[in-house]
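Welcome, and take a moment to look over the sequence and the model.

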Amino acid sequence: MVELSVALLLLKADATVTIIHSHAHDSKSIIREADIVITAAGQAKMIEGDWIKSGAAVIDVGTNAIDDPSRISGYRVVGDVDFEEASKVAGWLTPFPGGVGPMTVAMLIKNTLDGVKRKITQ
């Protein structure tokens, strides 16, 4: 659950955090007020470009498969944010794919190494 972890980190940094779920009433107006949007809803292209406040930072953690007959696999992977539309208004937007995935892998490796170092020095 990335959303709870990130929310707690942001709260610790004195940020005002609003958590909404994919079926929340009036999600668009809530997201439209945000300076930072972090999404992990699991719904392909749920957040459209006009949902994003101009200049907002958008971090798309969602991973969704959608049908794509032009691909050998018959599908392609997209995020929760409509990247093409959001890129027109967002001040910063993680690419998809290749946005948060490499950072996740890097942190997993770092945490593993830190754990091994602690175990060796005990």
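Strands here are DSSP runs of E with at least two residues, and helices are runs of H or I with at least four, numbered from the N terminus.

Before going on, note that this is a predicted model, in which local features need pLDDT of at least 70, side-chain atom pairs count only at pLDDT 80 or more, and totals for chains, interfaces and linings use all residues. Residues are numbered from 1 along each chain as its sequence is written, and side-chain values use heavy atoms, without hydrogens and water.

E1 belongs to an open sheet of 3 strands in the order E1-E2-E5, with parallel pairing. E1 and E5 stand at the edges with a single partner strand each, so one side of each has no neighbour in the sheet. Two strands pair if DSSP finds at least two bridges between them; the table gives both pairs.

| Strand pair | Bridges | Direction | Opposite residues |
|---|---|---|---|
| E2 and E5 (92-93) | 2 bridges | parallel | Val58 and Leu93 |

What does Val37 touch beyond its neighbours within four places in sequence? Val37 is in contact (heavy atoms within 4.5 Å) with Ile31, Ile47, Ala57, Val58 and Ile59. Val37 is also one of the residues that touch the most other members of the largest nonpolar core, which has 13 residues. Such a core is a set of buried Ala, Val, Leu, Ile, Met, Phe, Trp, Tyr and Cys residues joined through side-chain atoms within 4.5 Å, where buried means under 20% relative accessible area with a 1.4 Å probe, protein chains only.

Finally, the whole chain: 4 helices and 5 strands make up its secondary structure, in the order α-α-β-β-β-β-α-β-α from the N terminus. Of its 122 residues, 21% count as buried. The C-alpha trace spans about 55 × 45 × 25 Å along its principal axes.

Methods. Buried means under 20% relative accessible area, exposed over 50%, partly exposed in between (1.4 Å probe, protein chains only).
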